[in-house]
Amino acid sequence: MFARAQERILNAIYPPTCIECASADSWLCESCFTDIAPGDALTLSPFRRAWALSAYKDRRIQRLIKSYKYRAATCLEPVFQRLLSRMLNHPTDLDIVTWVPGDPDRARDRGIDHGKRLAELVANALGHGLQADALLLRSASALPNATLPDNEAREGNIKNAFSCIQDLSGKRVLLVDDVCTTGATAQACANLFIEAGAENVDLLVFAKG
Ligand SMILES: [Zn+2]
């Protein structure tokens, strides 16, 4: 209720304009949205299924994700919702939706924990009472993965950086992330879920890098 009122007030002060063509009324207008190509199919071990909703090379998607992540532009969430609504068959065979925990200092600086918010958005969109739940604890010594030279270093970093804090016996887990580049981070997380007993793990990313 409050969030909606807040949104109405914000929309009155800062009317939405398309991030691509600057036309009025929405953050990504109908014509700029409709020709965003769906992402290529993803095959990534150990995921049971993996979906990419768009390609990161599309500059509208880059702008969308960067504004959301680095400028805490939560007003753009309806665009993420629309991307999700393009998935023809929403999976129903899931128990938990989760995300890759980011650096807490960065989340504080940026003002939002974007990974958590995207996972919540996906859980709500999929329905069936699905909840976004934190499954991984990030240790303070973890390095930002983008700073590491190769997949092996990234996977090692992630393995040491995170621990799974829930028993996932028999659970079907969906990992949500904004962008999947090499997939190393997502794969390392999935392996931790499987070690914790998960029956299977799926991946949904908003963009394939
Ligand atoms: Zn537009």
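How near do the axes of helix H7 and helix H8 come, and at what angle do they cross? That was what I wanted to know when I opened this predicted model.

**Entry 1: H7 and H8**

I found H7 at residues 151–161 and H8 at residues 184–195. Their axes come within 9 Å and cross at roughly 40°. H7 and H8 are therefore oblique to each other. I also looked up the hand of this crossing, and it is right-handed. On the H7 side I noted Asn151, Arg154, Glu155, Ile158 and Lys159, and on the H8 side Ala184, Thr185, Ala188 and Cys189. I sorted these contact residues by kind: four are nonpolar, two polar and three charged.

**Entry 2: H4 and H6**

Next I turned to another pair of helices, H4 (residues 77–85) and H6 (residues 114–126). Here the axes lie 10 Å apart, and the packing angle is about 50°. H4 passes H6 in a right-handed crossing. Who meets whom here? From H4 I wrote down Glu77, Phe80, Gln81 and Leu84, and from H6 Leu118, Leu121, Val122 and Ala125. The residues of this contact come out as six nonpolar, one polar and one charged.

**Entry 3: Leu126**

While I was at H6 I stopped at Leu126, which has its place in that helix. Leaving out residues up to four places away in sequence, I listed what Leu126 touches: His90, Pro91 and Leu94. I also checked Thr92, which is 34 residues from Leu126 in sequence. In space, the C-alpha atoms of Leu126 and Thr92 are 7.4 Å apart.

**Entry 4: the whole protein**

Then I stepped back for an overview. I counted eight helices and six strands. Following the sequence, I read their order as α-α-β-α-α-β-α-α-β-α-β-β-α-β. The radius of gyration is 17 Å, close to the 17 Å that the globule rule gives for 209 residues, so the protein is as compact as a globular protein of that length. Along the principal axes, the C-alpha atoms fill a box of roughly 50 × 35 × 35 Å. What share of the 209 residues is buried? I noted 31%. I also looked at contacts between residues at least 6 apart in sequence, and 71% of these join residues at least 24 apart.

**Entry 5: the loop between H1 and H2**

Now for backbone angles. Most residues other than glycine have a negative phi, and most peptide bonds are trans. With that in mind I went to the loop between helix H1 (2–13) and H2, where Ala22 is found. Phi of Ala22 is near 65°, a positive value in a residue other than glycine. Ala22 is exposed, as 9 other C-beta atoms lie within 10 Å. Asp25 lies in the loop between H1 and H2 too. Asp25 is not a glycine either, yet its phi is positive, at about 90°. Asp25 counts as exposed, with 11 C-beta neighbours inside 10 Å, since 12 or fewer is the limit for that class.

**Entry 6: the loop between H2 and E1**

My last stop was the loop between helix H2 (30–34) and strand E1 (50–52), which holds Pro46. Which form does the peptide bond from Ser45 to Pro46 take? I found this bond to be cis, with omega near 0°.

Ala41 lies in the loop between H2 and E1 as well. With 10 other C-beta atoms within 10 Å, Ala41 is exposed. I took a distance from Ala41 to His114, which is 73 residues away along the chain: their C-alpha atoms are separated by 24 Å.

Leu42 is also found in the loop between H2 and E1. Leu42 is partly exposed, with 17 other C-beta atoms within 10 Å. Setting aside neighbours within four places in sequence, I listed its contacts as Ala50, Trp51, Ala52, Cys180, Leu203 and Lys208. I finished with Leu204, which stands 162 residues from Leu42 along the chain. The C-alpha atoms of Leu42 and Leu204 are separated by 9.6 Å.

Conventions:
Residues numbered from 1 in each chain as written. Predicted model: local features only at pLDDT ≥ 70, side-chain atom pairs only at ≥ 80, totals over all residues. Axes fitted to C-alpha atoms, helices over the stretch in contact; angles between N-to-C directions. Helix = DSSP H or I, 4+ residues; strand = E, 2+ residues; numbered from the N terminus. Left-handed = near helix turned anticlockwise from the far one by under 90°. Contact = placed C-beta atoms within 7 Å. Nonpolar A, V, L, I, M, F, W, Y, C, P; charged D, E, K, R; others polar. Rg over C-alpha atoms; globule rule 2.2 N^0.38 Å. Buried ≥ 20, exposed ≤ 12 C-beta atoms within 10 Å, placed from the backbone. Parallel < 35°, antiparallel > 145°, perpendicular 65-115°, else oblique.
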